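Subject: Structure handover

Hello,

Here is the structure I promised to pass on. Please open it first, then read the notes below.

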Amino acid sequence: MKKPYLIFVLILLVLFSASILGAEDPFEKLNKDYEEQVKAMQRQYEDQRLDMEKQWAQLEKEQEETWARLKAEAERKWQAFVHSTKKDWVDYNPDKDSRSKVDFKSGKIVFEAVVSTDDPEALTKAKRKIEQQIEKILKQTDVANKRILENQLVTSQGDKVNFGNMKNYIKKEVLPRLIPAPQTFKAKDGVERRKYSVNIDLVPNHIRLRSEKYLPVVQKNAKRFGLKPQLILAVMHTESYFNPRAVSGSKAIGIMQIIPRYAGREAYRSIYGQDKVISWDYLFVPENNIELGSKYLALLKYNHFRDIHGDVKNHYVAIGGYNWGPTAMRRKIVDRYPIAQMSNDQVYSLLRQKTPQETRNYIKRVTERMSIYDPYFR
């Protein structure tokens with residue numbers, strides 16, 4: 001008998017003896033160990049998921065409380081609470097008795113102050129509050145320390161308003177146009193007040209000037225994620241008119257209108273390989289917002305809708321998905337219609353007929369606005 005055969009027989013005898021004596025099958029033990037490891041990993045993943053969900057819930061609760069507190073404080077002194085939107089940046093002073101609203105679409109700013117009607121120096125106080133509010137927003141920077149309204153205002157002589165001529169501009173050109181409201185009002189605190197307001201126009205080419213501020217970061221992310229920079233700029237234009245302080249009713253944040261928990265979370269995880277609770281402050285930094293927005297556009301094109309072949313058709317569907325959401329676009333359009341057999345024009349027509357009105361307009365505007373930015377890249 002050869003040695004290998006003897007060894008094999010001995011191994012069988014040992015395994016048989018082990019089973020007779022009640023010892024655990026070594027192969028079964030290995031399998032049990034593996035199953036325990038899998039279960040431990042599943043428990044760890046579930047614990048991490050639940051912890052992350054708690055963090056998201058806490059952050060959203062804090063944001064809602066901040067919003068509610070601002071609304072309550074404003075309504076004590078004003079007839080109506082005015083707040084930031086996709087195109088408007090609204091800012092209150094700490095006492096909540098003056099405010100400004102910058103309309104980044106129309107290029108107009110309204111400054112308002114409310115003063116008690118029994119104050120003998122009401123007009124003087126209103127002027128002082130307005131002056132302080134104008135200085136505040138002209139000096140205000142985004143989180144990246146760039147002035148939000150840089151080069152957006154000029155004097156009657158055509159000079160850019162800057163720190164050197166700002167006070168003279170306010171006193172000579174703005175405050176003389178302050179208008180008191182003809183009627184008084186009472187807000188929730190019961191005090192009778194009058195509103196004073198003045199309007200200022202931004203420069204005629206204000207949208208183009210704001211877009212140019214972001215060209216370097218747009219070009220960098222376009223190259224990084226395989227996108228046309230014109231697409232990123234057209235999305236920014238359509239989403240917020242290049243308003244870095246934009247906040248929509250659905251709490252989409254910043255210049256590319258990122259919803260933190262969904263598009264922001266998915267894009268961040270794809271870029272950095274980790275889950276993260278993304279704050280509003282993080283998204284108010286234009287560089288962060290553009291990075292995540294660009295990556296999300298790329299995820300729509302190359303992941304969510306990678307089965308839509310043809311650059312133009314893929315382009316239309318991805319743009320619609322950015323507005324409507326990839327799940328709705330997949331369920332209501334991609335899985336229902338034979339897009340592969342359709343022409344580019346037929347897909348565009350389909351999306352313009354079968355998506356919600358907001359998404360129809362969004363696809364049209366983004367597509368048309370891309371050509372506005374062609375001259376930057378010739």
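Start with two helices. Helix H8 (residues 260-272) packs against helix H10 (residues 286-304) at an angle of about 85°, and their axes lie 9 Å apart. Axes here are lines fitted to C-alpha atoms, for helices over the stretch in contact, and angles run from 0 to 180 degrees between N-to-C directions. H8 and H10 are therefore roughly perpendicular to each other. That label covers 65 to 115 degrees; under 35 counts as roughly parallel, over 145 as roughly antiparallel, and the rest as oblique.

This is a predicted model, where local features need pLDDT of at least 70, side-chain atom pairs count only at pLDDT 80 or more, and totals for chains, interfaces and linings use all residues. Residues are numbered from 1 along each chain as its sequence is written, and side-chain values use heavy atoms, with hydrogens and water left out. Helices (H or I, at least four residues) and strands (E, at least two) are DSSP runs, numbered from the N terminus.

Back to the helix pair. From H8, the residues Ala263, Gly264, Glu266, Ala267, Tyr268, Ser270, Ile271 and Tyr272 meet Glu291, Leu292, Lys295, Tyr296, Leu299 and His304 of H10. Contact means heavy atoms within 4.5 Å. By class, the contact of H8 with H10 has 8 nonpolar, 3 polar and 3 charged residues. Ala, Val, Leu, Ile, Met, Phe, Trp, Tyr, Cys and Pro count as nonpolar, Asp, Glu, Lys and Arg as charged, and the others, Gly among them, as polar.

Next, the strands. Two strands pair if DSSP finds at least two bridges between them. Strand E6 (residues 192-201) pairs with strand E3 (residues 108-116) in the antiparallel sense, over 9 bridges. Val115 has Arg194 in E6 as its bridge partner. Strand E4 (residues 179-180) also pairs with E6 in the antiparallel sense, over 2 bridges. There, Ile179 stands opposite Ser197. Strand E5 (residues 185-186) and E6 are antiparallel too, over 2 bridges. Lys186 stands opposite Glu192. The hairpin of E5 and E6 has 5 residues between the strands, and Gly190 takes a positive phi near 80°.

Now the pockets and the cavity. On a 1 Å grid over the protein atoms alone, a cavity is a set of points where a 1.4 Å probe fits but cannot get out; a pocket is an open set with protein on both sides within 12 Å along at least five of seven lines; lining residues have an atom within 4 Å of a point. Grid points are joined across faces, edges and corners, and a volume is the space filled by probe spheres set on the points.

The largest pocket holds about 590 Å³. It has 24 lining residues, and Thr66, Trp67, Leu70, Arg245 and Trp280 are the closest to its centre. Helix H2 (26-75) gives the most to this lining, with 8 residues.

The second largest pocket has a volume of about 370 Å³. Of its 19 lining residues, Ala252, Gln257, Ile259, Tyr322 and Asn323 are the closest to its centre. H8 and helix H11 (311-324) each give two or more residues to this lining.

The whole structure has 1 cavity of 30 Å³ or more. The largest cavity holds about 70 Å³. Its lining divides into 6 nonpolar, 3 polar and 2 charged residues, including Leu138, Arg147 and Phe163.

Best wishes
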